[in-house]
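Student: Hi! Could you walk me through this model? I'd like to start with the helices.

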Amino acid sequence: MKNSLKKVGILLFLVVVAIQFYQPALNQNPDQDYTNDFIITTNAPSNISKLIKTSCYDCHSNNTDYLWYDYLQPVRMFVEKHITDGKKELNFNEFGSYSNRKQQSKLEAIGKQIKSDEMPLTSYTLLHRDAIINEVQKQELITWINSIKQNSLSEK
């Protein structure tokens, strides 16, 4: 029994070491063209810009700020899955290239998800405490998003 446990432990250790060699491409694009970026296209004020970059951009842009543990497997696979899913739903770096209808839809979704505390994800804010959006920030962000929706609708 003791010998079997030892073999399982060694095998498990070897698997953990082996998967460290699998490192997907980083979500970083230093040559990114920012002309379509959400912050630029919406002319976001600095407080909103900082809040969105801190709380949203790691998963919803083409440039993630990785922490040391993000390079360890299986954490890396979990993080990359979140980034892939997040960018599929909304990529802030490409917001300006969306149709007006899609932008309006995304703004509506952002407001609802912030209001209902669906975003940022709890799994993200557990390790990124600075990404937590407090009630005052939440209200500022929702008010600002609503003003953008109104402004873009009145421009039509």
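**Helices, core and cysteines**

Tutor: Happy to. In α5, the buried residues are Gln-103, Gln-104, Lys-106, Leu-107, Ile-110, Gly-111 and Ile-114. Buried means under 20% relative accessible area, exposed over 50%, and partly exposed in between, with a 1.4 Å probe and protein chains only. Helices (H or I, at least four residues) and strands (E, at least two) are DSSP runs, numbered from the N terminus.

Student: Before we go on, what kind of model is this, and how are residues numbered?

Tutor: This is a predicted model: local features need pLDDT of at least 70, side-chain atom pairs count only at pLDDT 80 or more, and totals for chains, interfaces and linings use all residues. Residues are numbered from 1 along each chain as its sequence is written, and side-chain values use heavy atoms, with hydrogens and water left out.

Student: How far does α5 reach, and what follows it?

Tutor: α5 has 16 residues and spans 23 Å from first C-alpha to last, close to the 22 Å expected at 1.5 Å a residue. The expected span is 1.5 Å times one less than the number of residues. After α5 comes Asp-117, with a positive phi near 65°.

Student: And α4, which of its residues are buried?

Tutor: Arg-76, Val-79, Glu-80, Ile-83 and Gly-86. They lie on the same side of α4 because their arc around the axis is only 130°. Lys-88 and Glu-89 are exposed on the face turned away from that buried side.

Student: New topic: which residues touch the most others in the largest nonpolar core?

Tutor: That core has 21 residues, and Phe-38, Ile-52, Phe-92, Leu-141 and Trp-144 touch the most other members. Two or more residues come from each of α2 (38–41), α3 (46–55), α5 (100–115) and α7. The most come from α7, which gives five. A nonpolar core here is a set of buried Ala, Val, Leu, Ile, Met, Phe, Trp, Tyr and Cys residues joined through side-chain atoms within 4.5 Å.

Student: What does Trp-144 touch?

Tutor: Leaving out residues up to four places away in sequence, Trp-144 touches Phe-38, Thr-42, Ala-44, Pro-45, Ile-48 and Ile-52. Contact means heavy atoms within 4.5 Å.

Student: How many disulfides are there?

Tutor: Zero, from a search of the whole structure. A disulfide is a pair of cysteine sulfur atoms within 2.5 Å. The sulfur of Cys-56 has its closest cysteine sulfur in Cys-59, 9.2 Å away, which is too far for a bond. Cys-56 is buried at 14% relative accessible area, and Cys-59 is buried at 18%.

Student: Where is His-128, and is it buried or exposed?

Tutor: His-128 is in the loop between α6 (122–125) and α7 (135–154), and counts as buried at 13% relative accessibility. Beyond residues up to four places away in sequence, His-128 touches Asp-58, Leu-67 and Tyr-69.

Student: What does UniProt list for residues 13–149?

Tutor: The unreviewed UniProt entry lists "domain: Haem-binding" there. UniProt positions are given in the numbering used here, feature names are shortened, and annotations may be inferred rather than shown by experiment. In the model, residues 13–149 are 52% helix and 0% strand, with the end C-alpha atoms 53 Å apart.

Technical notes: The arc is that of the directions from the helix axis to the C-beta atoms.
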